[in-house]
Amino acid sequence: MSPKLLFPLAAIPVLVFVVCFRAKRTVLASCLIALFLAACVGWGSYFTDRQLQHRLPPEQYGSDLAVRGCISSEVELQHRSGRTVGRFVLLLEPSSHSPLGLRQIRVSWFDAPAELQAGDCLEAIARLKTPRSYANGLPYDYVASMMFQGVDATGYLRHATVINTAPDHADWVMRLKQRLKHRLSGALSGEAQRWVAGLVFGDKKAFTHSQWQQVRDTGTLHLLVVSGLHVGIVGVLSLFPGVVMLRIVALALSLVRRPASVEHLRWFPPLLALIITAVYVWVAGSGISLLRAWVMFAVVLLIWQNPRRIRRTTVLIFAALMVMVINPLSWTQAGFAYSFAAVAALVLYFEGQRNSKLTAIFLPQFVVLICLLPIMTYWGQSSSAGHLIANLFAIPLVTLVILPLALSCVTPLATLTGPWITTAGEWFWSWLDIVDGLGLPSIYVPTGTSLFIFAVSLGLWLLGARLLPLLVSVLLMWAAVFAVNVFELSGAVSQKAGLWLVDSGQGQALLVSDGAHHVLIDTGPAFGEQFSVASSALVPIMRREGIHQLDALVISHGDNDHAGGVDDILKAVNVNRLLVGEDLSLSSKKAVTEKAEQGEEKVQLQTDCHQLAKEAGTQAYVLFDAFQLTFLPVPEAERTNANNHSCVVMIEWMTFRILVPGDIDMDVERSLIAAHGDNLKADVLVAAHHGSRSSTSNMWLNTVRPNVVLFSAGYRNSFGHPHPDVLKRLGDRVVHANTATAGMITLSSEGRFSLERAKWLPHWHATADDERDFSLHGHVLE
């Protein structure tokens, strides 16, 4: 345990003792509670330290290591440019690659055999890296997620050989899941087979990208992820065979005149139900919500068999402690907050209340939906009136029809229920299409109103179970949030001005705002259809800062590391003008055209930034008196490649000048110096091409004369950016920082720099080279 943590950790049980004692508990009870919490804190610290000792050491980041192990997850096969890429988790044999040895690695294998499956054993040379998060001040913690799952390194296999195919008895959980999926395939066909498998087994990959996006946009995602609802239905259904078997045994014992023995068998139905639900939880992935639901189901069965007066809040707290003991990193996962907040809402709202059967069926899901708004806000999700409309029909359809039918499809009843689940599924997706087609605007809850939303939710819980107070509270809450959004979108309320160079790995994304007008220069890369820096970082940052539209989106050139997230930005926010250094890909053009055809007059087709600089004899694109973009045209003769097509942008913001040259090389730098000379002087320079050796020449630095140079590069990237020669050119005369080691770099309107990794972060994020750029933290531009 870190010595810095000893004092605050030791203070926790002391504080708990004082609180318990002042609450008139006995000294013994206070001591026991304090000691119990101290043990929990100690166990959590010990558990985390053990995880870190298993993890690949940072000094071996990017190393090629010989590994040997067996596939412990389902193999996800993708086809890219004629190549088959397999993604899976490899459970390793004991190794010495870390202090306690690597346990599991998540890897990709290019040109993997199509017949690869769970349980196959491999011998390989793997290029591995230590799990590392982007640092943008957002809730999702990728490093903690990897530690929670026991994944000690990620990477790809440079060479691999299958040394042993999976025997029939290997990894029985995966085999059981495959067998059940095979039964599903016999009862269903086509698209229904995929999403029903995802609904039953909690496999996100079973849904298409469009389906997953649709349930997110309509607020019905909570119905499709495996949760306590699934465990409850499986548990109730699994009680019936136990009860039937108990009745048969009781009848047999009564025939031999030994009825008293039946009393000892009364635990058989609940034990059978616990075993069946435990197997289901294991097969479905053992997520936090499933573990919580299984623990609570076990406690409910215990109370049922041995009735005692136990408050439901006590059961909830006990379940939370059990989940934390099983994996102390559970609190870092979104599922922990969603799961326990939902159950807490139900307990506080319904405890001690009598409700009609109709209310008991429909009301709980709506209470959960409303009371999770603060949690949704924290994790960067939006909400809209369409969410309530979609759930109005989707909740009873999924709860009462689709889920029971889907679970029955893995039983011998599959042939009977298959046609029914197909029809019900068509109704469900058609309903979402209707709601999605309404085009209701999303409501983004600003950070300042999160506390208000939470306070209203607490009041909602305390009001009791009557329906009228519930409806009044919901309407007031939505009216308040809608009013705040209207004020912000109308410009009546200005946001905080700032400049954010986002940590986007080996890419670039720069967001600038004067409080009323907002510009985004580049979007960072995209990594496949379902993940991009734009959707995972840029959009949440904009929502957090209250930015719901962009006056200009500038894409320096078409390379993925600068333009990969264009489509995601265009879908998420309104863009008044799109300026590009070269024509974007066909999909980006299509996205812009679709928005223009929808009648959004502010959206214009992409404009060439080099051509804009020549129009009307001016180079400036004025947004506001305190905010101006100047595009410096690159001579056509110099645009010999994609990098040299980059828009070169001078930002005049507040009292500062920031030069963003894209990926230009030294030849373009020389031509710009010849054309503009001292007009290139800037306070801040974003280094061209992520700090490549072929850019940021001494002549360029002597002309621009920046006070601060910023690099946007990936941590220990394979290109070696920023290059040592570039750093040598800077020397000690210029303060510089790199997003790879500093995280997101923020410049306030007062000229003060802030580095995300210089702020407090959990100790599992710390690496030796992160502090080398921290001298810029708190630095003020003169």
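Partly exposed here means a relative accessible area between the limits of under 20% for buried and over 50% for exposed. The model is predicted, and the stops below use that scale.

**Stop 1: strands β1 and β5**

Select Arg68 and Glu123. They form a salt bridge whose closest N and O atoms are 2.8 Å apart. Arg68 belongs to strand β1 and Glu123 to strand β5, so this contact ties together parts that lie 55 residues apart in sequence. Arg68 has 35% relative accessibility and therefore counts as partly exposed. Glu123, at 40%, is also partly exposed.

Cys70 is in β1 (residues 63–71) and Cys121 in β5 (residues 121–129), so the bond ties together parts 51 residues apart in sequence. The torsion about the S-S bond is about 80°, so the disulfide is right-handed. Are the two cysteines buried or exposed? Cys70 is partly exposed at 27% relative accessibility, while Cys121 counts as buried at 12%.

Next, select Asp64, Arg127 and Arg158, which a network of salt bridges links. The structure holds 11 salt bridges. Then select Arg132 and Tyr715: the charged end of Arg132 sits over the ring of Tyr715, 3.7 Å from the ring centre.

**Stop 2**

Select Trp195, Val200, Ile402, Phe428 and Trp429. Within the largest nonpolar core, which has 40 residues, these five touch the most other members. Colour the helices that each supply at least two residues to this core; among them are α5 (191–201), α8 (228–255), α15 (385–408) and α16 (414–437). Which helix gives the most? That is α15, with 10 residues.

In soluble globular proteins, nonpolar side chains tend to be buried together.

**Stop 3**

Select Cys609 and Cys647. Their sulfur atoms are 2.1 Å apart and form a disulfide. Cys609 lies in helix α23 (residues 609–612) and Cys647 in the loop between β18 (627–632) and β19 (648–653), so parts 38 residues apart in sequence are tied together. The angle about this S-S bond is -105°, and the link is left-handed. Cys609 and Cys647 are both buried.

The structure holds 2 disulfides. Counting bonded cysteines along the chain, their pattern is 1-2, 3-4.

**Stop 4: the open sheet**

Show the strands in the order β16-β15-β13-β11-β10-β9-β24-β25. These 8 strands form an open sheet with mixed pairing. Which strands stand at the edges? They are β16 (607–608) and β25; each has a single partner strand, so one side of each is left without a neighbour in the sheet.

Select Ile521 to find its bridge partner in β13, Val554.

**Stop 5: aromatic pairs**

The model has 8 aromatic pairs. Select Trp331 and Trp764: their ring centres are 6.4 Å apart and their planes meet at 55°, so the pair is tilted. Trp331 is in the loop between α11 (312–326) and α12 (334–350), and Trp764 is in the segment after β25 (753–755); the pair links distant parts of the chain, 433 residues apart. Trp331 is partly exposed, with a relative accessible area of 48%, whereas Trp764 is buried at 6%.

Then move to Trp43, Tyr46 and Phe47, which form one aromatic cluster.

**Stop 6**

Side chains of opposite charge can pair when their charged atoms come close. Select Arg693 and Asp725, a salt bridge with its closest N and O atoms 2.9 Å apart. Arg693 is in the loop between β21 (684–686) and α25 (698–704), and Asp725 is in helix α26 (residues 724–730), so the contact ties together parts 32 residues apart in sequence. Asp725 is partly exposed, at 28% relative accessible area.

Finish with Lys759 and Glu756, whose salt bridge has its closest N and O atoms 3.4 Å apart. Lys759 is partly exposed, with a relative accessible area of 39%. Glu756 is buried, with 11%.

Notes
Residues numbered from 1 in each chain as written. Predicted model: local features only at pLDDT ≥ 70, side-chain atom pairs only at ≥ 80, totals over all residues. Heavy atoms only, no water. Disulfide = S-S within 2.5 Å. Helix = DSSP H or I, 4+ residues; strand = E, 2+ residues; numbered from the N terminus. Buried < 20%, exposed > 50% of the residue type's maximum accessible area, 1.4 Å probe, protein only. Core = buried A, V, L, I, M, F, W, Y, C linked by side-chain atoms within 4.5 Å. Phe/Tyr/Trp six-rings, centres within 6.5 Å; stacked < 30°, edge-to-face > 60°. Lys NZ or Arg CZ within 6 Å of the ring centre and 35° of its normal. Pairing = 2+ DSSP bridges. Salt bridge = Lys/Arg side-chain N within 4 Å of Asp/Glu carboxyl O.
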